[in-house]
Amino acid sequence: MRDAREWGWTRWLLLSLAIAAADIATKAWITHAFELYESRRVTPFFNLVLVHNTGAAFSFLAEAGGWQRWFFAAVALAICVVLVVLLRRSHENRTVAVALALVIGGAVGNLSDRVRLGYVVDFIQLHLPGSGLPPWPSFNIADTAICIGVAFLLWDSMRSGSSTAARPRGEKL
């Protein structure tokens with residue numbers, strides 16, 4: 001059995017793969033179990049609902065006519081390449097490595113949908129009961145991983161006082 005340090009940056013890619021696999025599996029389940037726009041209440045503040053998002057975050061450019069599918073796919077692929085390079089450079093900083101792995105896994109999950117289907121499957125819907133406010137835009141496991149990863153990067157940046165995403169822990173500016 002190899003020591004965790006011997007795995008280097010590839011161990012973090014396994015986390016990315018696990019995130020992408022969980023995202024793809026949950027989207028396959030919801031697509032099989034629900035009709036488009038079908039909603040089921042789980043708790044007073046949480047619904048499952050099947051939605052197809054042809055745009056980006058919050059359905060940005062969803063009505064753009066189709067060109068956005070390949071544009072967003074190309075952007076996601078480019079971001080994944082950059083993040084893998086950053087991961088190789090900073091894999092010894094556990095916080096940054098986990099953050100980058102989460103973002104990569106989420107990006108791959110959504111990229112898979114966009115390339116295969118032409119849209120991203122969203123199914124998690126949160127809302128404040130009795131508030132009169134509309135529900136939060138629907139999202140998925142990939143979106144959640146991306147948000148958590150970005151939050152970890154911001155936290156690490158504030159904790160260290162400077163960006164550590166491009167350098168390993170302990171390396172001086």
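Tutor: Let us begin with Phe-34, which counts as buried at 4% relative accessibility, because buried means under 20% relative accessible area, exposed over 50% and partly exposed in between (1.4 Å probe, protein chains only). This is a predicted model, where local features need pLDDT of at least 70, side-chain atom pairs count only at pLDDT 80 or more, and totals for chains, interfaces and linings use all residues. Residues are numbered from 1 along each chain as its sequence is written, and side-chain values use heavy atoms, leaving out hydrogens and water.

Student: Why does Trp-29 count as partly exposed?

Tutor: Trp-29 has 45% relative accessibility, so it counts as partly exposed.

Student: What makes Trp-29 and Phe-34 an aromatic pair that is edge-to-face?

Tutor: Rings of Phe, Tyr and Trp (its six-membered ring) pair if their centres lie within 6.5 Å; planes under 30 degrees apart are stacked, over 60 edge-to-face and the rest tilted. Trp-29 and Phe-34 are 5.9 Å apart centre to centre, with 70 degrees between the planes, and form an edge-to-face pair.

Student: Why are H4 and H5 called roughly antiparallel?

Tutor: The axes of H4 (residues 94-117) and H5 (residues 141-160) cross at roughly 155 degrees and come within 7 Å. Angles under 35 degrees count as roughly parallel, over 145 as roughly antiparallel, 65 to 115 as roughly perpendicular and the rest as oblique. H4 and H5 are therefore roughly antiparallel.

Student: And why are H2 and H5 roughly antiparallel?

Tutor: H2 (residues 10-33) packs with H5 at about 150 degrees, their axes 8 Å apart. H2 and H5 are therefore roughly antiparallel to each other.

Terms used: Axes are lines fitted to C-alpha atoms, for helices over the stretch in contact, and angles run from 0 to 180 degrees between N-to-C directions. Helices (H or I, at least four residues) and strands (E, at least two) are DSSP runs, numbered from the N terminus.
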